[in-house]
Amino acid sequence: MKHSEEGRSSKYIQVTQLQFYAYRLAVRSDFSILHHSGKLFQQYIVDAYSKSERSRLNYSPNNKKTLRIEHYEGLLNALNSRALNQGDRTGKLIILPSAFQGSPRHMHQNYQDAMAMVRKFSRRDLFVTFTCNPIWVDILNVLEGKQHPEARLDIVVRVFKMKLTELLDVIIKRNLFGRVVSYIYAIEFQKRGLPHAHILLTLDTYSKIHTKDDIDKYSMCNFKSKSLCMKEGLSTKQYPKEFREKTEENINGYPSYKRKCTESVRVGRYHLDNRCVVHYNPWLYKQFRAHINVEVCVSIKSVKYLYKCVYKGHDAASIRFENENTLDHDEILSFLDGRYVSAPEAMWRLNEFNLLEKYHTVVRLAVHLTDQQAIVYQDGQEEEAVARAATRQTPLTAWFELDKNYQDSPNYLYTDISHYYTFNKSAIKCQKRQKGGEQVIGRMPVVNIQDSERYYLRLLLLRKLGAVSFYDLKLLMELCAILFSRYDKYKDYLKESNIGTTLNESIQTRALFQIRLFFASICGFGEVKGIPKLWFRYKDVLSEDFVRQYSEDSGPKYALAEI
């Protein structure tokens, strides 16, 4: 099916499945049996998106015999040995890449982007959760006859998108909490639940939350018996809270809010009081008539937890299929078979609304050794791929060339170069950025310390100004090795220092259970003399989630028991 001449897309000549179903689901003046089918309409939405998603994911398996990826050096070696070993095949399959929205790699890349923004702008100040209200007047006024909101999820999703845009406009453009210098948001759908948005905000220096009065101004816990936010009061973790006469600024990374003693009110079969109210902003609640949780982040301890919460991904079953004699590793199959797709999420994706958004562009910079850049090629076109890669620069090699040719560039680190220059892929070189550099952040990928050469290359790139080649960096690395070799008497200190450095980096990038596993490996196999001292040094980090779940006294005990 071709696009019409008037509506032809510059990207697609033929109508895609997603576009076809979006057309079918659009509201028109004529009567539509589809929009009056109740639960069958929900089933149609889920099936439509599932087919569309499967078609896009089929690209990699269908091209697995032709589309391959390999390092430049590895491909050169394969070509050299092909004369001796005919039929030699190199490379690995491309499966569920980070470009696929919602994949684990996609979420991990966005988490790393968010942490790069934290390094640039410090911690986040506010964590806002905005939940759809199915009885908004905007929804009820559009329903036909005796329809309920769950029968018209297409309307529910569109209205929520409009309300979210309005909320962001109030917060960011109209400066409800002060001037916002950066933000991210992610949309989630939990089981059959309605859409909700997690929004993280960083305020400028003059709008920072410094005092208890600032906290009370932005977020409150006063009880109202008719408040919509009380419907789930008893289901929230660690509720009911304690009554407090004043706000405590920092309890495990979050403030403990002022909760005045109030008389209980019967709501349904429960007796509720001020201890059961989540943190909300009165003005936002009155303006949007929805569950809007406003949490103040007063410590850097909460940052990683919040981003892990935002980028944890969508609901899925953890399953694995095994044949009798073989174990297949198929990420696409595992993703599809374990995927839980609700009707609201399917409708959101069919409308092509954004699931993730952030303010400030994060440029991902390559870190590779000589001739170790990744190249994609078609099977049988290895010679052309080698010739193309020999002349094509990566961001890293383009930075080397920039340092050679421009006098001012040696003042910049590799991670800062994106602020001043843009890498033009068609021209294959760095070009001076005209404007908007203040909105661009460069970040390098996390490199495992087991990949030692790339790991130390990354360390050098974080510190070396104006490197002009890999050889330039190699000379610096050899000089460091000579200097360290003179201090044999500090070997034990250096070993423990390396472990501390690695632990600190793990804290910035890894989940808490992974950090505890690493700490257990240090206890079992490391050459560290003072394990108890190391435990007390990192106790707060290693038990952060258990403290949040239990208490400050018992949290470390649970963490120690797991280790």
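Student: How many residues does helix H5 have, and what span is expected for H5 at 1.5 Å a residue?

Tutor: In this predicted model, helix H5 covers residues 104–121, which gives 18 residues, and the distance from the first C-alpha to the last is 26 Å, close to the 26 Å expected at 1.5 Å a residue. The residue that follows H5 is Ser-122, whose phi is positive, near 70°.

Student: Which residues of H5 are buried?

Tutor: The buried residues of H5 include His-106, Met-107, Asn-110, Tyr-111, Asp-113, Met-117 and Val-118. As a general point, an α-helix has 3.6 residues a turn, so residues three or four places apart point the same way.

Student: Why is Asp-113 called buried?

Tutor: Buried means under 20% relative accessible area, and Asp-113 has a relative accessibility of 1%, so Asp-113 counts as buried.

Student: What makes the pair Asp-113 and Lys-358 a salt bridge?

Tutor: A salt bridge requires a side-chain nitrogen of Lys or Arg within 4 Å of a carboxyl oxygen of Asp or Glu, and the side chains of Asp-113 and Lys-358 meet at 3.7 Å, N to O. Asp-113 lies in helix H5 and Lys-358 in strand S10 (residues 356–358), so this pair ties together parts that are 245 residues apart in sequence. Lys-358, with a relative accessible area of 27%, is partly exposed.

Student: How do you know that Asp-138 and Lys-163 form a salt bridge?

Tutor: The closest N and O atoms of Asp-138 and Lys-163 are 3.3 Å apart, to be set against the limit of 4 Å. Asp-138 belongs to helix H6 (residues 137–140) and Lys-163 to helix H7 (residues 153–173), so the bridge ties together parts that are 25 residues apart in sequence. Asp-138 is partly exposed at 37% relative accessible area, whereas Lys-163 counts as buried at 13%.

Student: What are the relative accessible areas of Arg-152 and Asp-154, whose side chains meet in a salt bridge?

Tutor: Arg-152 has a relative accessible area of 2%, and Asp-154 likewise stands at 2%; with the cut-off for buried set at under 20%, Arg-152 is buried and Asp-154 counts as buried. Their side chains meet at 3.0 Å, N to O.

Student: How many disulfides does a search of the whole structure find?

Tutor: The search finds 0 disulfides, a disulfide being a pair of cysteine sulfur atoms within 2.5 Å. Among the cysteines, Cys-132 is buried, with a relative accessible area of 6%, and Cys-523 is partly exposed, with 36%.

Student: Which residues make the nonpolar surface patch of about 240 Å²?

Tutor: The patch is made by Ile-449, Tyr-456 and Met-477. Met-477 lies in helix H17 (residues 470–485) and has a relative accessible area of 34%, which can be set against the requirement of over 30% for patch residues.

Student: How many helices and strands does the chain have, and what share of its residues is buried?

Tutor: The chain has 22 helices and 15 strands, and buried residues make up 42% of its 563 residues. Of the contacts between residues at least 6 apart in sequence, 68% join residues at least 24 apart.

Technical notes:
Residues are numbered from 1 along each chain as its sequence is written. This is a predicted model: local features need pLDDT of at least 70, side-chain atom pairs count only at pLDDT 80 or more; totals for chains, interfaces and linings use all residues. Side-chain values use heavy atoms; hydrogens and water are left out. Patches are made of residues with over 30% relative accessible area and no salt bridge: like charges are joined within 9 Å, nonpolar side chains (Val, Leu, Ile, Met, Phe, Trp, Tyr) within 5 Å. Accessible areas come from the Shrake-Rupley method with a 1.4 Å probe; for residues, only the protein chains shown count as cover. Helices (H or I, at least four residues) and strands (E, at least two) are DSSP runs, numbered from the N terminus. Buried means under 20% relative accessible area, exposed over 50%, partly exposed in between (1.4 Å probe, protein chains only). The expected span of a helix is 1.5 Å times one less than its number of residues. Contact means heavy atoms within 4.5 Å.
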